[in-house]
Amino acid sequence: MSDIQERISQLCPSATFEEGETLMVNVEEKDWYGLAKALKETKGLEFDVLSAVIGMDWKESLGVIYYLTSTSRGWEMIAVKVQVTDRVNPMIHSVSDLWKVANFQEREVYDFYGIKFINHPDMRRFFLRNDWKGYPLRKDYDADPKLNPIPTEDEKNEDDTVSYVEGKDGKIKAVPGKVFEENDYVVNIGPQHPSTHGVMRFRAAVDGETVKKVDVVSGYIHRGIEKLCEGLTYPQALHFTDRMDYMSAHQNRHCLCMCIEKAMGLEVPRRAQVIRVMMDELMRISSHLLSFGCTAMDLGATTAFFYGFREREMVLDIFEKTCGARMSMNYNVIGGVIADIHPDFVKDVKELIRIMPERLKEYHKVFSGNIIAMNRLKKVGHLSKEDAINYDITGPSGRGSNWSCDCRKVHPYSIYSELDFEEVLLDGCDSYSRYMVRMKEIEQSCKILEQLVDRIPEGDIRAQVPKVIKLPKGRWYQQVEASRGTFGVYIESTGEKNPYRLHFQSPCFNLVGVMNLTCSGYMIADLITIGAALDFVIPDIDR
Amino acid sequence: MFNFGIWTSEFNNFLMGFLPDWLTVVVECVIIALLVLLTYTVLALFYILYERKLCAWFQCRLGPMRVGKWGVLQVFADMFKILIKELISLKDTDRFLFKLAPYIVITSSVVMLACLPWGNGLQIIDYNIGIFFILAVSSVGVLGILLAGWASNNKYTLIGAMRSGAQMISYEVSLGLALITIVVFAGTMNINELVWEQESAWFIFRGHIPAIIAFLIYIVAATAETNRGPFDLPEAEHELTAGYHTEYSGIHFGFFYLAEYLNLFIVSGIATLMFLGGWMPLHIPGWDGFNNVMNWIPSIVWFIGKSFFISYVIIWFKWTFPRVRIDQMLSFEWKYLMPLSLANLVLMAVCVALGWHF
């Protein structure tokens with residue numbers, strides 16, 4: 001760790017350091033872009049992944065915390081903190097040209113904190129309307145409904161964008177621009193559309209049937225979870241995680257629980273650990289089955305959809321018996337799980353493991369092996385490994401581009417380091433690879449379940465936790481492998497019983513970030529295929 | 001074989017007995033028009049249920065079960081629902097063309113229905129160019145779809161209509177060539193004669209290899225002609241919400257819906273007529289006893305049964321295959337299907353010229 005610190009001090013003498021869970025580098029705004037470039041490009045540092053961009057409001061200053069990861073050096077992570085004291089017109093240099101993933105992430109920060117990013121190509125709001133007054137995640141935000149009445153008219157000027165360009169003399173001037181060219185034939189896909197898997201809107205400029213550019217318009221179901229969490233206690237904040245990516249409910253909640261447990265220094269009983277991991281893997285199977293079904297349905301093969309759902313029912317039945325719900329299970333709690341497993345749990349899981357291999361064969365027969373399906377999926381939506389890393393596309397989509405990014409392998413958590421499973425990697429870089437990675441991950445999840453199902457240890461399902469949970473002063477970042485990629489939770493605590501800042505770094509947010517890259521040059525029908533194979537879940541984007 | 005023509009001519013004589021000639025023709029026309037429309041509706045309703053039940057069984061479901069025994073009355077409930085729905089008129093559309101489009105689509109399919117030979121003596125129009133007429137009328141339907149897509153003033157419908165135009169015009173070529181292959185073999189375009197030609201054995205057996213190839217080409221092209229999966233691009237609901245009929249509601253939408261199902265029956269009926277003997281029972285040359293037993297089954301049952309079977313096959317692959325993409329679909333037609341049908345036509349001509357057939 002100190003080695004890194006030394007090298008950063010050489011690169012940027014004005015940087016100060018905070019020790020903590022990860023090394024935190026405090027850097028002044030004027031030095032930030034230079035340091036970022038050095039961190040990414042200097043040999044021996046090579047922080048090639050921007051894992052999280054977290055907007056912050058420390059009352060006396062606004063700022064951004066960047067979590068950087070270096071894949072070539074054992075996924076080492078550092079955090080960089082950039083602050084500005086100007087609350088009226090805060091500006092920070094954009095790093096969206098270094099890490100493309102920052103493009104949407106910085107728009108989100110701009111939307112919620114009003115921090116303008118210099119040299120960002122498209123500085124529009126991401127979730128809220130252009131005419132929204134105020135920046136909701138600022139601590140002094142006025143939530144008076146009179147300021148932002150329910151609009152009765154369409155949003156105006158949605159094609160207008162602006163870029164804050166720094167001139168040679170250091171002066172920053174706003175350069176207005178347009179999202180689409182004047183004569184573009186723009187087809188609106190969503191927000192109410194059968195194939196956007198939720199309330200998502202894409203605006204696609206098409207030339208005949210060929211897509212030229214895709215503009216992502218998000219925020220139709222944004223619930224402001226991060227803001228809500230700031231007013232709630234930690235146990236109360238837990239239930240939101242099930243409502244973000246509802247297909248990764250267990251993993252997401254596992255992540256938040258682990259982050260809180262890490263902060264409290266709480267040891268989770270072995271039985272709870274095993275149950276949590278089994279639930280995570282069941283969730284993954286259920287999610288990948290849904291993804292299989294939806295991909296098939298988006299391609300017009302409705303029957304395959306029902307086959308996927310048939311097996312998914314079994315997983316949901318297991319959840320229903322143990323958790324009491326089929327969706328939004330609210331199962332993990334701080335220190336363990338809320339209830340013990342149902343007596344049928346072991347039997348049901350064994351039955352699922354028994355039938356899955358033959359059912360997977362059936363899926364391949366009816367869909368994956370079909371010549372039409374292969375023609376529709378193969379060589380569609382090319383995403384190279386470099387782009388996957390640069391856009392931080394984790395999960396099955398990243399592994400379909402041959403990027404080894406499985407959090408269970410690179411940052412083992414819970415009991416994953418003891419388990420024997422393979423990380424599925426395919427090098428097709430297309431929709432078919434992403435789809436096949438999911439199908440193979442179902443097999444791997446079954447393998448994990450098989451190892452655990454007979455070895456659930458006796459013991460407590462929950463550690464003793466105090467009635468009122470207070471975290472010490474500090475900050476923590478925890479990642480897990482959710483069904484769709486690396487899910488991260490950032491907690492900043494001031495020692496109170498509610499978080500000062502709780503940020504969720506969702507994988508789907510990055511997935512929509514590559515829609516323009518992967519869809520350009522393909523056809524309208526491919527846009528649907530690519531969306532289905534990337535498999536984003538909208539509530540995870542609109543947190 | 002029972003000839004239904006006896007009944008119809010008796011009825012004709014009965015009317016002639018007390019009505020002047022011109023009035024007889026008028027009365028008969030009205031009765032036939034009513035019969036055709038009634039058949040049309042009943043068949044469409046049956047087909048909706050047929051497809052819903054079949055697709056449910058393919059998908060490990062039961063399908064409609066609540067209204068009536070096994071859900072048989074569900075389609076009637078749906079029909080009344082669609083009849084009483086509001087016809088929503090939209091801003092900035094071409095009102096006249098918008099309303100005209102569904103009628104063009106449904107008219108073309110009713111006219112085609114009227115040409116089919118239902119049984120021995122049960123045929124409404126019998127031209128000497130019958131099959132040619134059917135092909136000609138079937139191309140009118142695409143006009144309605146294009147108009148619907150254009151007049152709706154919606155981007156989805158326009159893309160759907162463009163796809164439909166490209167698709168139907170392309171696949172019409174293969175469809176026509178497949179039928180012409182059989183016309184070459186039969187030497188006639190008259191529907192009645194076509195059926196009688198198959199008295200000794202159906203064309204698919206008599207024409208052997210070229211006839212079987214033509215049959216397969218026909219099934220593929222006919223699926224594309226009726227906009228059914230895997231060629232349902234004009235209304236690909238996962239891409240274009242509902243394609244060309246996105247903006248239609250009530251009975252106007254119902255017309256598109258009915259026409260789609262009826263076209264499925266019609267293309268199956270044409271396949272039956274051209275390849276499987278029309279209403280002609282299954283005859284095997286030399287097996288007179290067997291042939292006589294087959295003759296006992298009424299010809300109308302043969303026709304409807306065979307048509308339903310072909311529809312079953314088409315429905316089967318709709319619910320199995322994913323949808324193709326527009327460029328794949330067009331290249332499939334122009335690069336593979338059409339050259340194959342041309343080659344097949346030559347093969348058939350050689351077979352006919354050299355007498356290599358049964």
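What radius of gyration would a compact globule of 543 residues have, and what value does chain A have? A compact globule with 543 residues would have a radius of gyration near 24 Å, and chain A agrees with this, at 23 Å. The radius is taken over C-alpha atoms, and the globule rule is 2.2 Å times the number of residues to the power 0.38.

The structure is a predicted model, in which local features need pLDDT of at least 70 and side-chain atom pairs count only at pLDDT 80 or more, whereas totals for chains, interfaces and linings use all residues. Residues are numbered from 1 along each chain as its sequence is written, and chains are lettered from A and ligands numbered from 1 in the order in which they are written.

Along the principal axes, the C-alpha atoms of chain A fill a box of roughly 70 × 60 × 55 Å. Chain A contains 18 helices and 17 strands; these are DSSP runs numbered from the N terminus, with helices (H or I) of at least four residues and strands (E) of at least two. Of its 543 residues, 48% count as buried, that is, with 20 or more other C-beta atoms within 10 Å of their own, against 12 or fewer for exposed residues and values in between for partly exposed ones, the C-beta atoms being placed from the backbone. Among the contacts in chain A with a separation of 6 or more, 65% join residues 24 or more positions apart; a contact requires C-beta atoms, placed from the backbone, to lie within 7 Å.

Chain A is divided into domain 1 (2-154) and domain 2 (225-538), with bounds that come from an automatic or database domain assignment. The C-alpha centres of these domains of chain A lie 27 Å apart. In chain A, 20 residues of domain 1 are in contact with 20 residues of domain 2. On the domain 1 side, β3 (49-57) and α3 (102-113) of chain A each supply at least two residues, and β3(A) gives the most, with six residues. This side of domain 1 of chain A divides into 12 nonpolar, five polar and three charged residues. In this classification Ala, Val, Leu, Ile, Met, Phe, Trp, Tyr, Cys and Pro count as nonpolar, Asp, Glu, Lys and Arg as charged, and the others, Gly among them, as polar.

The contact between the chains takes 25 residues from chain A and 23 residues from chain B. Helices α11 (237-240) and α15 of chain B each supply at least two residues of the chain B side. That side comprises nine nonpolar, six polar and eight charged residues.

Within chain B, helix α7 (residues 155-186) packs with helix α15 (residues 326-354) at an angle of about 10°, their axes being 9 Å apart. Axes are lines fitted to C-alpha atoms, for helices over the stretch in contact, and angles run from 0 to 180 degrees between N-to-C directions. The angle therefore makes α7(B) roughly parallel to α15(B). The contact of α7(B) with α15(B) involves 19 nonpolar, six polar and two charged residues.

Leu240(B), in helix α11 of chain B, is buried, with 30 other C-beta atoms within 10 Å. Beyond its neighbours within four places in sequence, Leu240(B) is in contact with Tyr156(B), Ile159(B), Gly160(B) and Glu235(B). Phe14(B), found in helix α1 (residues 5-18) of chain B, counts as exposed because it has 11 C-beta neighbours inside 10 Å.

Methods:
Angles under 35 degrees count as roughly parallel, over 145 as roughly antiparallel, 65 to 115 as roughly perpendicular and the rest as oblique. Two residues are in contact if their C-beta atoms, placed from the backbone, lie within 7 Å.
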